[in-house]
Each structure stands twice: as C-alpha cells, then as structure tokens.
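Please have a look at it before I go on.

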Amino acid sequence: MLVSTRGRYAIRIVLELSSRKSDERVSLAELSERQDISLKYAESIVALLVKAGLLDGQRGKFGGYKLNRPASQIKVGEILTLTEESLAPVACLDCNPNDCPKKDTCKTLPMWTKLNSLISGYLFSVTIEDLNNGKV
C-alpha cells in the first residue's frame with residue numbers, strides 16, 4: 001500500500017478544518033494556501049470529501065467549507081478509503097470475494113490477509129482528533 005498525495009492532502013485538509021470552530025467556514029483559497037496545495041488539486045479533493053458527506057460546502061460571500069462531524073468521529077481510514085484505489089497490501093485482496101486462481105493453495109495469503117486486517121484496523125482506529133492531539 002502506498003498512500004498517494006491525494007490521500008495525504010485530504011487528511012491535511014480535514015485536519016485544517018478540524019482546527020477551526022465547528023461553525024467556521026474556510027475558503028478553498030485559504031485551505032489551498034495554508035496547506036500548500038494547488039487550488040485546482042485542493043478543489044478536486046474537497047469535492048470528493050463533500051460528495052462523501054465529510055465536509056459541508058457553501059458558495060457565496062460567506063461560503064467555504066467546514067466539517068460535517070466532530071473530529072472525534074472522523075477516522076483516517078474513512079478518508080483514505082475515499083481517496084485511494086485500495087488500501088490492500090497485495091492485489092489479490094482488492095476484490096471481494098477473492099478471485100485469485102491460487103487462493104486455495106497460496107501459502108502466503110493468510111499473511112497478506114492478516115497484514116491487510118492490521119492496516120485497516122489501525123487506520124480505522126485513528127481519528128482526526130487523535131492526530132490533532134498527538135495520540136498516535
């Protein structure tokens with residue numbers, strides 16, 4: 001598993017918004033500037049987070065973005081699941097059910113399955129609040 005810039009930037013954007021008052025909206029331009037992300041790239045990431053319901057976006061003079069839930073209820077794994085094609089360490093775990101022709105005889109599959117479970121379990125145990133408070 002290799003986390004893309006889109007995944008890392010999405011986490012940073014959510015972290016930035018979580019550091020604000022719950023009703024404070026932040027413009028895309030400010031998010032882009034504060035996180036050193038191109039405006040176009042930030043726009044595509046924010047659109048994905050809005051579509052998934054993590055962020056609320058509002059246009060206009062008093063518009064901007066804010067979190068839809070408290071930081072304590074947003075898991076890092078949730079964000080990465082939106083931004084990454086897969087969190088699986090090997091391709092055969094990307095499909096459900098596993099359609100690998102060697103799945104019944106593969107001696108390494110249990111190891112990859114356990115690693116996948118550990119990665120997923122960890123990422124879904126870490127909240128944005130945990131990152132803000134240095135509890136990881």
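C106 counts as partly exposed because its relative accessibility is 29%, where partly exposed lies between buried, under 20% relative accessible area, and exposed, over 50%, with a 1.4 Å probe and protein chains only. C100 is likewise classed as partly exposed, at 24% relative accessibility. This is a predicted model, in which local features need pLDDT of at least 70 and side-chain atom pairs count only at pLDDT 80 or more, while totals for chains, interfaces and linings use all residues. Residues are numbered from 1 along each chain as its sequence is written, and side-chain values use heavy atoms, with hydrogens and water left out.

How many disulfides does a search of the whole structure find? The search gives zero, a disulfide being a pair of cysteine sulfur atoms within 2.5 Å. For C100, the nearest cysteine sulfur is that of C92, 5.3 Å away, and for C106 the nearest is again that of C92, at 6.3 Å.

Let me turn to helix 3, residues 39-51; helices here are DSSP runs of H or I, at least four residues, and strands are runs of E, at least two, both numbered from the N terminus. Its buried residues are A42, I45, V46 and L49, and they lie on the same side of the helix because they cover an arc of only 100° around the axis, taken from the directions from the helix axis to the C-beta atoms. On the other side of helix 3, K40 and K51 are exposed. After helix 3 comes G53, with a positive phi, near 90°.

Key. Expected span 1.5 Å × (residues − 1).
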